[in-house]
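Subject: Model handover

Hello,

Here is the model for you to look over. My notes follow below it.

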Amino acid sequence: MAYQLLRFALASRHPETRMFRTPDRLGETYDVVVIGAGGHGLAAAYYLARDHGVRKVAVLDRGYIGGGNTGRNTTIIRSNYLTPEGVAFYDQSVSLWQDLAQDFDLNLFYSTRGHYTLAHTDSAVRTMRWRAEVNKHLGVRSELVGPEEVKRACPRIDLDCGGHAPILGALFHAPGAIARHDAVAWGYGRGASQRGVEIHQQTEVTGIDVEAGRVKGVHTTRGYVSTRKVLCAVAGFTPRVTHMVGIRTPIYVHPLQAMVSEPMKPWLDPILVSGSLHVYVSQSARGELVMGASLDPYEVQSTRSTLDFTEGLAAHMLDMFPFLSHVRVNRQWAGMADMTPDFAPVMGKTPVEGFYLDAGWGTWGFKATPVCGKTMSYTVATDRTHELIRAFSLSRFERYELTGEKGAASVGH
Amino acid sequence: MKLLRCPVNGARPVSEFVYGGEVREMPGDACTDAEWADYVFNRSGIPGVKIEWWYHVASGTWFLAKRDVAADHVLQTWLPGEEVPE
């Protein structure tokens, strides 16, 4: 430690290499421009450079790396979804997550905890059974467990939930995990940067040139770049970008809020989710409880947070854990969730040639980061829709072929 | 607690209201499948001032509101069929 300090004090230049190169100016032309330097955008850039040999890639962001929903989620990773398309997709993501830290040579604090989705009503038990059977059929480890098993995994829980929402059972998903979300963006960013990808922060896209149905270039606050391929991975800003190319989408934006408590000794090992009480909670490596609830009930396109949310979530937390009544909330925040009518994402090609979407990630995008990077980089590099994302195309709406993914976070069913 | 002005009951806490979505023009019977899909699914997702349906649950009142969806400021509220207040 002392030696490290001395080395930093005596060095005339910063002795450690930086995580990312910071190019001083935008180039004139790129093979691919990725809008959005969050997990999804950087993962796509990383796999484009690593797996597809596309090196002339620029990632543009109006803010900073991982400053959007990548740094605003509650870091839960799972694959216990309801539709076969959803399960196959997220399961691929979970297996990619498991060796990502090796891949990056960076500690992601990936921690497999087990994930319990609590059922407080008979109909919820029925849905949990359904999800468990779909999962097992597709080779994903999920099972229905009784309240005694919940109590064993989390002895501090009040199984009656204050008397008004007794826990009747739970869907247990063993691979459920949490990870440090900033590190995911940094890992992908560093890996991409090392392979020649340019990351331009504080570079807002102000317009996209489309000629004869083809992408020509991108206008930014730091100048114009010409490119034939644009990948849009901007979560809650998606409608603003699709508006630039004249595409209409079913995406609507609601805020999703979350908060953390002050740190305490470890007492909560698994991740607990209650759809009825609108709570999901896990304890981070720092000892803070990371808590989230359901979407705000109406459209707001900003990241404001509200006292109503804190009061509501705290009340439901106390239903489950009355002993937390003296614990303080440390901070709260919001992200802009890009929601779709069927709770499945919108991915792949669009009516504008060369304009690719990785959007509609609403409240369920973090866990999909690696597989989105993989599948979108394939789609962008080859201009062919990857097999795993066929069910998520934008054109499914005009064909009335919705995907109906109701296993998403905090969605009642 | 945020307040919203119901045209019948005056200012009430926003928790008494349900959001009904943006007001949209329904296409006529002669529309194509694609036009109908556009009406059913697609939304004007960009921020701005929008006219929306809101419902006051306690009194069963549907009404219209003009709201800036970026700032979350309600500018006006009125009942359907009424003149839009200035």
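Two residues are in contact if their C-beta atoms, placed from the backbone, lie within 7 Å. By that rule, 15 residues of chain B are in contact with 22 residues of chain A. Helix 1 of chain B (residues 33-41) gives the largest share of chain B's side, four residues. That side holds nine nonpolar, three polar and three charged residues. Here Ala, Val, Leu, Ile, Met, Phe, Trp, Tyr, Cys and Pro count as nonpolar, Asp, Glu, Lys and Arg as charged, and the others, Gly among them, as polar.

Some ground rules. This is a predicted model: local features need pLDDT of at least 70, side-chain atom pairs count only at pLDDT 80 or more, and totals for chains, interfaces and linings use all residues. Residues are numbered from 1 along each chain as its sequence is written, while chains are lettered from A and ligands numbered from 1 in the order in which they are written.

Confidence. pLDDT is the predictor's confidence in each residue, from 0 to 100. Chain A averages 92, and 97% of its residues score at least 70. Residues 409-413 of chain A stay under 50; the model has 15 contacts for them beyond four places in sequence. Where pLDDT is low, the predicted coordinates should not be read in detail.

Chain B. It has one helix and six strands, in the order β-β-β-α-β-β-β from the N terminus. Helices (H or I, at least four residues) and strands (E, at least two) are DSSP runs, numbered from the N terminus. The C-alpha atoms of chain B fill a box of roughly 45 × 25 × 25 Å along the principal axes. Of its 86 residues, 12% count as buried.

The sheet in chain A. Four strands form an open sheet, ordered 1-13-12-11, with mixed pairing. Two strands pair if DSSP finds at least two bridges between them. Strand 1 (29-30) and strand 11 (205-211) are the edges, each pairing on one side only. A:V218 has A:V225 of strand 13 as its bridge partner.

One residue to check is A:H52. It sits in the loop between helix 2 (39-51) and strand 3 (57-60) of chain A. The cut-offs are 20 or more other C-beta atoms within 10 Å for buried, 12 or fewer for exposed, and partly exposed in between, with C-beta atoms placed from the backbone. Leaving out residues up to four places away in sequence, A:H52 touches A:Y47, A:S377 and A:A381.

Best wishes
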